[in-house]
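Q: I am new to this structure. How do I read its helices and strands?
A: Let us take one feature at a time.

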Amino acid sequence: MSRYQGSSALAPTGALQASIKGKVQDAVLLGDQTITVVEACIKLHLLARIHCNASNGLSFLKIQFPAATHEIKALSEPNFHNGESVILHGYLGTRADLSRNLCFVPLLDKELRYSVQIVSAAKSSTGEIRPAHGILKVLEPNTPVVVRGLLKPRVPPTSKGPGDVQKIKTVEIELRAVQSLNDFPKDIIVTPDTEFPLEQRHLQIRSDEELRGALAFRASAANTCRDELINKYGFLEVETPLLFKSTPEGAREFIVPTRRKGLAYALPQSPQQFKQILMASGIPKYFQLAKCFRDEGMRADRQPEFTQLDLEVSFATGDNVMNCIEGLILRLWKDLLQITLSSPFPRMAYQEAMKRYGSDKPDIRLGTLISKVDYLLPADLVQKISPLTDPIVEAIRFRIDDDYDPTETRSFISKFMESPEATTFNENPEGGPGIFIHDSRKPLQGLQPLGFEAAEAIDKLFGAREGDLVVLQAREKAPFSGGSTKLGDLRLALHKEAVKQGLMQPPTGFAPLWITDFPLFSPSKSSEPGQGGRAGLASTHHPFTSPKSSDDVDLLLSDPSKVVGEHYDLVINGVELGGGSRRIHDAKVQEFIMKDILKMSPERLAEFSHLLEVLRAGCPPHAGIALGFDRLITVMLGKESVRDVIAFPKSGKGEDALTRSPGMMSEEVLETYHLRLRE
């Protein structure tokens, strides 16, 4: 009985079936596996075309294929013999047809890093027809295949492979059989210039060697971190739960509803509370590469879900943790980048960073420093540049080049101040920047509006040269708070614009820096969730950070806004890689800060009852840190965004374009979780 009986949709015509029977013995022998007649129909496109039912789109899965005898990379080794049979797995490259009967095609390995040349002829030297040639000629580039062939010596090629693909130069494969494992569709166009959108992230990764390299680098960095922390420092890797509960730590959370009415989990902003619990559990050194979740605005260095290198040490101070992290950073740079960083890393107090750089994460490679100048300026000038009463006025001198002409400086700053990037500075409610250009052709070197005494003093203060910019900026007379000042932001924006216009070279190298001595509390903002207290204060980082000294403990009772916390941030090239602190390990102190300083409600305080009970049970002193692992890799590789080092990042709207998440909730799902949508 014909094997096609009962399946007329699959049955080839009589003439076609006769042709197949005559050729199937020659079809494709891969190892010990002989393909069936139906499989031959799939493979021999020139001899057979199975007429599938177009309405149901019936196709065949290539689920059986032989194991590879060798990796393509290994073919570069000198221990192969002429005529040796090999079976290889890989992706087809772009075919070059010398004639109807002879073609060449590269076969790329599974990692898309190495290629070997396949030589295919329609007939053997004895005139025997080789069906594999016909199969190969109808397969699209990028198709995953199994290839069987014979090794032959080749003349070393003179051209390079695409990108950084390394060609096997000593041997090539004389094709005997090829099996498509999943035909690459013709409607997907792939060229060296093709740029795929996020909706096709799989093709982005597959076609972008730099992106695949970043993912491989990330994996190597993770392995190095584990080796350093476990084998050198004796840390224990412990996984903590992802289904937690909502607690007011400082950022918005993602809520996970349950089928129990009114009850929900929250995804953790960080493992902060669990790692403190581990310190009370007799685990002296904890770490993990932890997934964290925060529902906050998207920026180049933020994702709603991200990875932290998280660690905590009992019976430790901040210095112990910083020394450990320095050792880890030094090894990462040396092992993976072959760069030796200077150590110990410099340290700078928060107040000093804000005063000199206008930022709590300064890029110290940029030499432009901020100076306070209001005491030098006439009162009428201050009133012209700011509506504030008795403001602080600060200034920077920005030098594009030692020999830059004032006319060129004027063109540069005019172009910048008229750009969208300058909107935030022009519309500053505390007053826009006052901009002057040092020009010897103008009265008082271009500083005439400052008056004689002020112009002379500022000229002396900055040592201004021809073509230099002098920028004044007023701000409210108040203690520093937050992450930057407007002049600090303008300082960075001017550097970025000068680099963009090709007037300055981008800064090079790596400049690590510890920022310490942050205020323990900052004024709370309505736009940020904080800890939900009524004091007008919020913890600068989180409510578990310890005061730094006994004097700071005393200030808790008299002036909490002046308390310095034992917090430390690691900054490299103006990017905050992470932060840590010594924690409060005394339950009474922790409760006092939450209840009496932050003025949390009893309901809010009750959400931390588990932690207070843990601290009460003889929890030892402890300190820790969390490094943003995505940012770490971004800085090491010199990328612009963390999206360049994450396999499946979210867009600026927090969406995954490939999987189309988040998705709408159906009425059935809403009902299951006792939810109702509000208009």
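**Helix contacts and a sheet**

A: This model is predicted. Start with a helix pair: Ala587, Gln590 and Glu591 in α15 meet Leu612, Leu615 and Arg616 in α17.

Q: At what angle do helix α15 and helix α17 pack?
A: Helix α15 covers residues 587-597, and helix α17 covers residues 609-616. They pack at about 150 degrees, with their axes 8 Å apart. Angles over 145 degrees count as roughly antiparallel. So α15 and α17 are roughly antiparallel to each other.

Q: Now the sheet. How do strands of a sheet pair?
A: They pair through backbone hydrogen bonds, either parallel or antiparallel. Here, eight strands form an open sheet with mixed pairing. The order is β10-β13-β14-β25-β24-β23-β20-β15.

Q: Which are the edge strands?
A: They are β10 (236-237) and β15 (347-349). Each pairs on one side only.

Q: What joins strand β20 to strand β23?
A: Five bridges do. Strand β20 spans residues 512-516, strand β23 spans residues 567-572, and the two run antiparallel. Leu513 stands opposite Val571 in β23.

Q: Where does helix α5 pack?
A: Helix α5 (residues 209-232) packs on the sheet. It touches β10, β13 (285-293) and β14 (305-314). Its direction makes about 150 degrees with that of β13.

Q: Which strands does helix α6 lie across?
A: Helix α6 (residues 272-279) lies across β13, β14 and β25 (622-628). It runs at about 20 degrees to β14.

Definitions and conventions:
Residues numbered from 1 in each chain as written. Predicted model: local features only at pLDDT ≥ 70, side-chain atom pairs only at ≥ 80, totals over all residues. Heavy atoms only, no water. Axes fitted to C-alpha atoms, helices over the stretch in contact; angles between N-to-C directions. Helix = DSSP H or I, 4+ residues; strand = E, 2+ residues; numbered from the N terminus. Parallel < 35°, antiparallel > 145°, perpendicular 65-115°, else oblique. Contact = heavy atoms within 4.5 Å. Pairing = 2+ DSSP bridges.
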